[in-house]
Amino acid sequence: MSAVGTSHPHESAVGHVTGQAHYIDDMPRMAGELIVDFVGSSFAHAEILSVDVSAAAKIPGVCVFTYKDIGGVNLFGPIIQDEVFLAETHVHFIGEPIVVVAAATHERIAQAKQAVKIELRELPAILSIDAAIEKKKFLTTPIKMEQGDVDAALEKSSHRLDGTFIIGGQEQFYLESQAAFAVPGEGNDLTVYSSTQNTTEVQKVVAEVLGLKHSEVVCICKRMGGGFGGKETQAVMPALMAAIVAQKTKRPARCQFSKDLDMMVTGKRHPYKAIYDVGFSSDGRVTALKIDYFSDGGCTADLSTSILSRTLFHTDNCYDIPNLRATGTICKTNLPSNTAFRGFGGPQGVAAIENILENVATKLGLDAYEVRRRNLYQGETGVTHYGQSVKNNVLPELFAQLYESSDYAERRKAVVKKNAAALAPNPLPASPMSPLRPDGHLPPHAGGGWEGGQHGKLKGLAMTGVKFGISFTTKFLNQGNALVNVYTDGTVQVSTGGTEMGQGLYTKIQQIVADELGVRFEDVKVMPTSSEKSNNTAPTAASAGTDLNGNAAAVACRKIRGRLTEYVARLWGVAPEVVEFREGHVFVSPLPTSPRMRGEGGQTMPFAELTQRAWRERISMGERGFYATPGLDFDYATGKGSPFYYFTNGACVAEVTIDRFTGALTIDRLDILMDIGKSINPGIDRGQLIGGLVQGIGWVTAEELKYSEKGALLSHSPTTYKIPSIQDIPDDLRLEFFDNKLHNFNIRSSKAVAEPPLMLGLAVFCAVKNALSYLSPREAADLKLPATNEEILMCMEKITH
Ligand code: MTE
Ligand code: HPA
Ligand code: MOS
């Protein structure tokens, strides 16, 4: 029995549903513990004239800190160091921290915040991509990726279409808000428990800002209540706040953002504006694409450059576009710095090209499936615009399989028929209640019904795909390390640099280690991620958690197993090659049918007995494993190379209904086909696929960030920001795994799953556009993303008036 490949429940599943799983705020209170909060800017952009904390500091039991109390360098940032912990002379977004306050009770904290006096002089703020473009406020110089002669190809193409596509941002909406708990030790020592995807980043930034050595700070993360990219870099703020209090007061200090505060002051998925010009042939083949992206980076760089490059890397998506030039510019605005969110810029690139292909199909009067199929990378000959060859390409087979299994052709016919009926002039005679105008014409919304009384509804159907590059596009981040300890009772502890945020990494690591050592799944325990055990780690991100850390754990296990194998071979006088580890036993192959049964002359021993003996023989049963992804090579100077180890592929067919009177959108059915290699845990991967898809659907249909004229987020709570809920998932959802026979590398021949399915949500967006195309044949609707009910309604108004 192999642990890998079976659907072991998530290791915290019971804890999650019973509430027994610990998050930062569940950790038991410590004696003398302080609550940490802060006072931030009330303006989106301002000069700080004065900060007076004297009254607050006089309140008994209250301590107050400003930038002047910072012992190290008040400057950090994951790529470009342009962020401060506490503002010094200027503030750049509403809520930017200026003063940290700490006290033992919430009452005292509230009093202290009231007593802090800050004088600001408001400055003009830039609050949109357009305003930043107008004022030429950019965070970095533009980036570019190019292949072929785009201008010449555009000139020559028989059809052209240009346009602007607006893509909205998205709040990560993890359930556990940003949080950290800092506990001082002897001397300068500081342990920071953090809800972070990146223990190393928290360790480093806390040390450097507070003036400590990296070796004096330990960062531990047992689990997060979700991260979704939002805790890749931005977990450092609460960590710094708790840490400065712990450092100065020598008392444990905890900082837990409220949901509303978290939504107001932390970064989100970048909104984009994409301006494109596409050339194509009469049969829908794209011959040239020129596209310029402008992203809203917020007030500092954070990960924006890396995110924008992933947008450029994903502008081709599944499609072979011979002439392509993509440029990207990051706008600097007076909003919290935007950051990683599942897909990391990829979704905006995929949205842009899928929207363009949908428009091309409408323009030509072709089925968009045909247009996509004709543009797919074929066989093994495809090379992306950044020069990576598309190896082990299964896209044509995958698309064809889903086309068949979803019954696309028949359903298309049904959609055409229903929409024709809906749009046919109303055959009923005019009644006093009839919507006929005095001139005898039908108002634009009127129409006949479908059978079953579906008056005024339109159907849409679309298939979109995804080809997502797996690996950090920053080469040096593609490394993982792990520590494995085997104990004398035969049980095992493993810790890696990978963090658990609900995605199931710990469960998969547990399965991999169980198989590598041939022990029972239950006898492996995954320990909290700690910078003390795993140093210099990459964030758990880019969907590469299992690839990097699972491989590292396997490397450590193989070293231990190697030593135990040698010992057993000596003990039994057999060749090492015939020693096997399985189901908590070691024995000599050929394998007996059950390890509890002795084979013909074969010796066997429980693993727990072996570990006892090995210990007495002074054989080391602890190991460190290291893994670096092979074969990565990309040159940012030329924009060419192979940044990805492989691609995760998938496709989705969405069928939707839109209401012509209200714009209301219903998703009728979703069919998904995903290529994730051989799944390590099909149950967990199913969860990731559906979760990612639904999160993507939320982004493209419902989630809207609304700001006041002054740059304050208005949709800052679950009551005003609409994420999809269980009712928004269609009853008819069909998910299949694609059997990829070409993929035979990576840990247990698996593929990363986490981010790619999010982009399949775009099938719903394209299905809405498809529905709208029945109202205005040959005229692509100018639908913004997200296609909220209001946006759909307004779009229909534009078409029919
Ligand atoms: N799933 C859950 N339940 N919670 C999360 O926060 N984050 C996503 C994805 N799935 C997330 C999740 C993101 S953005 C990434 S990059 C991956 O999980 C990270 O984990 P992995 O690399 O181990 O798949
Ligand atoms: N993906 C996710 N997170 C990252 C990346 C990436 O490519 N690069 C740096 N952080
Ligand atoms: Mo995920 S956006 O790479 O944390």
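Buried area is the accessible area, taken with a 1.4 Å probe, that two parts lose on being put together, summed over both. By this definition domain 1 and domain 3 of the predicted model bury about 880 Å² between them, and 67% of that area lies on carbon and sulfur atoms. Because the model is predicted, local features need pLDDT of at least 70 and side-chain atom pairs count only at pLDDT 80 or more, whereas totals for chains, interfaces and linings use all residues. Residues are numbered from 1 along each chain as its sequence is written, chains are lettered from A and ligands numbered from 1 in the order in which they are written, and side-chain values use heavy atoms, with hydrogens and water left out.

The chain is assigned domain 1 (31-124 + 172-265), domain 2 (129-170 + 268-347), domain 3 (389-470 + 644-799) and domain 4 (479-628); the bounds come from an automatic or database domain assignment. Taken over C-alpha atoms, the centres of domain 1 and domain 3 are 41 Å apart. Their contact (heavy atoms within 4.5 Å) takes 10 residues from domain 1 and 11 residues from domain 3.

One salt bridge is found across the interface of domain 1 and domain 3, the criterion being a side-chain nitrogen of Lys or Arg within 4 Å of a carboxyl oxygen of Asp or Glu. Glu122 and Lys710 form a salt bridge in which the closest N and O atoms are 3.0 Å apart. Two residue pairs are in polar contact between domain 1 and domain 3, both at pLDDT 80 or more. A polar contact is a pair of N or O atoms within 3.5 Å; within protein, one must be able to donate a hydrogen and the other to accept it, and residues adjacent in sequence count only if both atoms are side-chain atoms. On the side of domain 1 that touches domain 3, helix α8 (residues 259-265) gives the most, with four residues. Helices (H or I, at least four residues) and strands (E, at least two) are DSSP runs, numbered from the N terminus.

The residues around ligand 2 (a heavy atom within 4 Å) include Phe344, Phe472, Thr473 and Leu477. Glu232 places a polar side-chain atom 2.6 Å from a nitrogen atom of ligand 2, and an N or O atom in the side chain of Ser306 is 3.4 Å from a nitrogen atom of this ligand. For Arg310, a polar side-chain atom lies 3.1 Å from an oxygen atom of ligand 2.

Around ligand 1 there are 16 residues, of which Gly227, Phe228, Met501, Gly545 and Gln688 come nearest. A polar backbone atom of Gly227 is 2.7 Å from an oxygen atom of ligand 1, and a backbone N or O atom of Phe228 is 2.9 Å from an oxygen atom of the ligand. For Ser543, the corresponding backbone distance is 3.4 Å. Ser543 is not a glycine, yet has a positive phi of about 60°; its place is in the loop between β20 (529-530) and α15 (545-572).
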